[in-house]
Structures are given as C-alpha cells and as structure tokens.
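Hi,

Here is the structure I said I would pass on. Have a look first, and then read my notes below.

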Amino acid sequence: MRKWVEEVAALCRPANIHWCNGSEEEKKALTELAVAAGILIPLNPDKHPGCYYHRSHANDVARVEERTFICTKTAQEAGPTNNWANPTEMYQKLNGLLNGAMAGRTLYVIPYLMGPPGSPLTKIGVEITDSVYVVLSMRIMTRIGKVAWNELGSNGVFTKGLHSMLDINPETRYIAHFPQDNAVISTSSNYGGNVLLGKKCLALRLASYLGRDEGWMAEHMLILGVESPTGEKTYVAAAFPSACGKTNFAMLTPPEHYKGWKVTTIGDDIAWMRPGPDGRLYAINPEAGYFGVAPGTNCKTNLNAMLSLSRDTIFTNVALTKSGEVWWEGKDGEPPADLLDWHGKPWIAGSKEKAAHPNSRFAAPMKNNPVLDSEVSNPTGVPISAIIFGGRRATTMPLVFQAFNWVHGTYVGATMGSEMTAAAAGKVGTVRRDPMAMLPFAGYNMGDYFTHWLRMRKLLKNPPKIFHVNWFRKSAEGEFLWPGYGENMRVLKWIVDRCKGRVPATETPLGWMPEAKDIDITGIPNYTKEKLEEALSIDIEGWKTEVMLQDELFMKLYADLPKELVYQRELLISRL
Ligand code: GTP
Ligand code: SPV
Ligand code: MN
C-alpha cells in the first residue's frame with residue numbers, strides 16, 4: 001500500500017500527501033479549503049444545513065462511455081460491447097499524462113469500503129485523487145477512513161484507484177480499468193461515475209469481473225424491502241438503466257390507498273448478490289450514499305429523496321439562488337426569480353435553456369433517508385425474492401410481465417432496451433439495447449456475462465422470480481399511460497403476491513401477466529381502467545419489430561452468445 005502511494009507520488013509529484021482518516025475534523029478542514037478555493041459554495045444554512053454547491057466544468061457533466069476502457073490481455077475478454085485497450089499501451093499513455101500531473105496540488109489517499117464492515121461480500125478500495133471534491137463526495141458515497149484501514153489490516157487485498165483531474169480536457173479523458181491488476185485509472189474528469197472510483201469502476205466493472213470467477217453477481221440494481229400490513233417482509237432488486245427510476249423506486253412512498261404498506265431502502269444503484277447457505281440469493285448495497293438525479297425530484301415524486309438531501313449534501317450542476325438555495329426543473333413550486341443556471345449565468349423564467357443540467361446530481365448520505373431499511377448494514381445481506389428489469393420505452397413494452405423461468409428471465413434482461421438519457425454523453429431519446437442495464441458497466445465480454453447469469457441458476461435452490469416493468473409507455477397523444485412514482489406500489493404488490501404464489505396470472509406470448517382487474521387503481525387521480533388496459537396491452541406487430549431490433553445485439557455478440565438465449569428467441573417468435 002505504502003509502496004504504491006510512493007510510486008504514484010514519484011510519478012505525479014504532488015506538493016503534499018494527505019492520508020484521509022475520515023474524521024469530522026478532517027471533513028471540516030477539507031470543506032473550508034474547498035470553499036476558500038471556490039470549489040464548493042456553502043448553501044443557506046437555514047434552508048440546507050451542512051450542504052454545498054459545486055459546478056463542474058461544462059465539458060464534464062456525465063459519464064463518458066466512449067472514453068471508458070477495459071484493458072485486458074485480449075480484446076476477446078472485453079468483448080464487442082466494451083472499448084478495449086492493450087494494458088501495456090494504456091499504462092504507457094496514462095503514465096505519460098500523469099507525469100508531474102499533481103505539481104502544486106495535494107495528493108489525497110482515500111481508503112474506503114464498498115459494503116458494510118465485516119461482510120464477506122465487502123471490498124476494500126484505495127483511491128488516490130488530486131480533487132478535494134472527490135474526497136468530500138467519496139466521504140458521502142462510501143465508508144472512508146479508519147474503518148477501511150481496520151478492515152484492510154496488514155495483509156488485506158485492495159483495489160487501486162488513481163484519479164487526476166489534469167486540466168479537465170476531453171481529449172485526455174480516460175476511464176481505464178485493469179481487471180487483471182484490480183486497478184483503475186481516471187484522468188481529465190471531475191464528474192461522478194468517472195471519478196468516484198468505488199461506484200461504477202470498482203462496484204460494477206471490476207466487481208462483475210471478480211463475480212464471474214467467484215460465483216457472485218455485481219449488478220446495476222436498486223434493492224428495496226416491502227412490508228405488508230401484516231408485517232410480511234419481501235426484498236426485491238431492480239435493474240433500470242441510468243436515469244430510469246432506480247432511486248425513485250428504491251424509496252417510494254406507497255399511495256394513501258395502500259395503508260399499512262411500507263417500502264424501505266437497502267440501496268438505490270448497485271447490488272452485490274451471492275448465494276446463501278439456504279440456496280437463496282443474498283444482496284448487499286456496497287454504497288453508503290445516493291448520487292441521485294436532481295431534475296424531477298420533488299416532494300410528490302420522491303419525498304424520501306427530498307428528505308435525504310435536506311442536509312449534509314453536495315449538489316452538482318443544479319441551479320442556485322442569490323440567497324443560497326438550490327433549484328432544478330421539476331422541483332416543488334415555481335422557479336425563484338433570482339436564479340443562476342448551472343453555468344453560473346442569470347436564468348430568466350421561460351428560457352429555452354435548462355436552469356439545472358439534466359444530469360445534475362445530489363450526493364446525500366443514506367443515513368438521512370427516513371425509510372432506510374434496518375438491515376442495510378447487515379453483513380449477510382438480505383434475501384432477494386424478485387429481480388425486476390425495466391427500461392424507458394414509449395411503446396411496445398407493457399406495464400409488467402413475469403418471465404416463465406430463470407432462463408427466460410435472463411433472455412428478458414439480456415434483450416432489454418431503453419431510451420438513452422442525459423446520464424451518459426450521447427444521443428438522448430434513441431432506444432438502445434442495454435442488457436440488464438449493464439451495457440456501460442459489464443467489466444468483461446457481454447456474452448460471457450449472460451453465460452454467468454445462466455450458471456448462477458445452478459448455484460441457487462430457490463432463485464428469485466424475474467419480472468419486467470415499464471413505467472414510461474405513452475399513448476398515441478404522448479401521455480404517460482401509467483402515473484408512475486409512488487403508484488408503482490400497485491405493480492410492486494402484484495410482483496410480491498406472485499412471489500408468494502398468491503395471485504393468478506394469465507399466460508401470454510411475453511410471460512405471465514396480470515389482467516387490468518388484478519391491479520388495484522382505486523384512488524389514482526384522473527386515471528381510468530382503459531388507460532391501464534392500454535398500458536398492459538400486447539402489440540403483436542410492435543413485438544415482431546422488437547424481436548428484429550434485439551437481433552442487432554445478438555449479431556454483435558453471436559460468437560459468445562449462450563445458445564439458450566438463441567432458443568429463447570425462437571420460442572418467443574413462435575409464441576408471437
Ligand atoms: P441513475 O442514478 O442514473 O442510475 O438513475 P436512476 O435509475 O436512479 O433514476 P432516478 O430514480 O433518479 O430517475 C430518473 C428520472 O426519471 C427522474 O427525473 C425521475 O423523476 C424520473 N422517474 C423516476 N421514476 C419514474 C416513474 O415511475 N415514472 C416517470 N414518468 N418518471 C419517473
Ligand atoms: C449512472 O449513470 O448510472 C449513475 C450516475 O448512477 S454515475 O455515478 O455518474 O454513473
Ligand atoms: Mn446508476
């Protein structure tokens with residue numbers, strides 16, 4: 001550990017080295033330093049106690065998938081859906097960029113845990129960074145400092161993460177993963193998933209690679225608990241692509257009509273899951289905070305997120321008022337008059353430009369969440385009864401269906417499609433295949449990743465049931481056919497009841513489905529049974545096109561595609 005820090009310091013030549021201990025005093029000192037340097041702006045302490053505001057560089061506002069690399073010995077191992085680079089060449093290039101890169105800056109060493117202390121699933125990471133914003137964000141998003149040193153002990157294994165902002169130049173921006181060295185290097189960015197190296201880099205890309213070899217799963221999934229009025233507790237995990245509703249679903253407030261039902265949060269973005277001794281799948285949330293999408297978050301859509309971000313939160317690229325309050329599109333109430341947009345320029349109500357960047361974010365500690373699940377730090381994890389896949393689809397995909405079995409469910413996940421969002425640099429709105437919401441996050445060949453999913457079935461006596469949902473289907477007039485948010489409880493209840501074998505379902509070409517009468521819509525304002533029927537309808541012609549679109553991914557992966565999935569496709573076609 002010390003030797004590695006010495007090596008990095010010799011290369012990057014910082015002015016100082018700061019070893020983080022995670023204490024309150026350290027937080028105070030680093031925050032003061034960040035404020036003095038203009039990196040953080042303190043918010044109004046009455047309205048947002050302990051909260052700070054940050055603007056990123058305008059060229060650095062989302063994950064950059066085309067600059068993200070998996071550096072394995074062979075390109076075959078990274079597979080056709082990842083950018084591959086030769087590790088030796090990538091190290092050479094990055095060492096060139098990092099040479100003297102921290103001159104005049106402080107090098108911070110952040111030890112952190114992904115997962116609760118004492119869990120066999122937990123991993124230890126160490127991130128070296130020259131960004132104080134990263135240190136303070138990592139402090140919210142993970143368990144940093146002494147707790148991680150303790151876990152590391154004198155002979156523990158850790159993931160090496162090296163980050164330098166350089167000059168935030170998109171031309172020298174690299175997010176390079178070296179799974180064979182358990183290491184990641186990130187340059188020229190200071191934004192979220194590119195630089196909080198515990199999150200997508202360790203907890204998904206490197207962890208998925210480890211999970212394949214060790215018989216467990218690292219997935220882009222929220223984990224929630226549902227408690228019924230009789231006290232029955234069920235845990236489910238759900239994979240939706242970036243900015244498609246994980247944070248919202250993970251902390252949903254059940255509607256008035258669902259008295260006595262309670263949803264509690266284990267995690268909102270990442271699940272690590274391993275078979276338990278009883279043959280069920282057990283999940284932990286490796287994170288300790290929420291890096292959530294701000295736009296669209298309000299007291300109606302996600303009250304628990306609003307309460308989570310009410311204190312000790314860092315906001316990035318939202319809009320700011322002169323009195324030190326934050327605002328974003330879709331926040332409660334009218335936009336304040338004296339708003340500065342995410343660039344810091346005065347914003348006039350009615351302007352075509354957004355005040356907050358569509359991918360603006362809050363980093364909030366999970367302990368602020370009023371519905372945090374009591375088992376969130378249980379080292380064993382929680383048993384998962386259902387896995388839910390879902391994308392953002394204006395057409396074709398019905399509100400909900402259940403896969404016939406695990407292999408069919410794997411096919412449903414593998415062929416998932418979703419409209420692209422602002423979470424990644426790229427073309428917003430076009431449908432792309434995003435298998436298991438892992439297209440940008442699988443650390444190895446996607447075909448082998450599907451094989452791993454199929455293999456997991458053999459390790460589970462009692463596997464979770466698999467479902468697919470779509471909250472985003474629209475009518476011909478462009479209106480959402482489902483109210484979404486808290487009302488998703490109604491679909492969640494059907495899913496839980498299916499897991500317990502309590503409700504019937506209809507066999508359809510897609511899987512098992514509810515009829516409109518099986519989903520209770522009592523009390524949804526301005527909602528009708530006709531809309532629900534349309535949300536649940538199967539458009540056979542649309543599905544024929546869908547099957548053709550799925551081919552695009554299958555063709556790309558054909559060499560490594562498990563044949564089970566090809567047969568599933570044939571079965572779907574014959575059912576259609
Ligand atoms: P990442 O953090 O990028 O992984 O995103 P996420 O999957 O956690 O998505 P999030 O819950 O932050 O939601 C993203 C956007 O979708 C927000 O603007 C939400 O308001 C919106 N959204 C979430 N749930 C629903 C829903 O049920 N219906 C509709 N129409 N919109 C939703
Ligand atoms: C996502 O894009 O899926 C996120 C945000 O959760 S980031 O951390 O930037 O990857
Ligand atoms: Mn995510």
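Let me start with His220, which counts as buried because its relative accessibility is 0% (buried means under 20% relative accessible area, exposed over 50%, partly exposed in between, with a 1.4 Å probe and protein chains only). Before the rest, some housekeeping: this is a predicted model, where local features need pLDDT of at least 70 and side-chain atom pairs count only at pLDDT 80 or more, while totals for chains, interfaces and linings use all residues. Residues are numbered from 1 along each chain as its sequence is written, chains are lettered from A and ligands numbered from 1 in the order in which they are written, and side-chain values use heavy atoms, with hydrogens and water left out.

**The metal site**

What coordinates the manganese ion (ligand 3)? Lys200 (NZ), His220 (NE2) and Asp269 (OD) do, at 2.1 to 2.4 Å. Donors here are N, O and S atoms within 2.8 Å of the metal (3.2 Å for Na, K and Ca); water is not among the atoms, so sites may look incomplete. The ion has six donor atoms with angles of 74 to 175° among them, and its site is octahedral. For six donors, that label requires opposite donors over 155 degrees apart and all others between 65 and 115. Along the chain the donors follow the spacing K-x19-H-x48-D. His220 sits in the loop between β12 (217-219) and β13 (222-227), and Asp269 in the loop between β15 (262-267) and β16 (271-275), so the pair, 49 residues apart, links distant parts of the chain. Asp269 is buried too, with a relative accessible area of 8%.

**Strand β24**

Strands (E, at least two residues) and helices (H or I, at least four) are DSSP runs, numbered from the N terminus. In β24 (residues 382-390), nine of nine residues are buried. Two strands pair if DSSP finds at least two bridges between them. Five bridges join β14 (residues 233-239) to β24 in parallel, with Ala239 partnering Phe389. β17 (residues 281-284) runs antiparallel to β24, with three bridges, and Tyr282 stands opposite Pro383. Another five bridges join β24 to β28 (residues 465-469), again in parallel; there Ile388 stands opposite Phe467.

**Helix α4**

In α4 (residues 87-98), Pro87, Met90, Leu94 and Leu98 are buried. Seen down the helix axis, the buried residues of α4 fall within an arc of 65° (taken from the directions from the axis to the C-beta atoms), so they line one face. On the other side, Thr88, Glu89 and Gln92 are exposed.

Cheers

Definitions and conventions. Four donors count as tetrahedral if all angles lie between 85 and 135 degrees; four count as square planar and six as octahedral if opposite donors are over 155 degrees apart and all others between 65 and 115; anything else is irregular. The expected span of a helix is 1.5 Å times one less than its number of residues.
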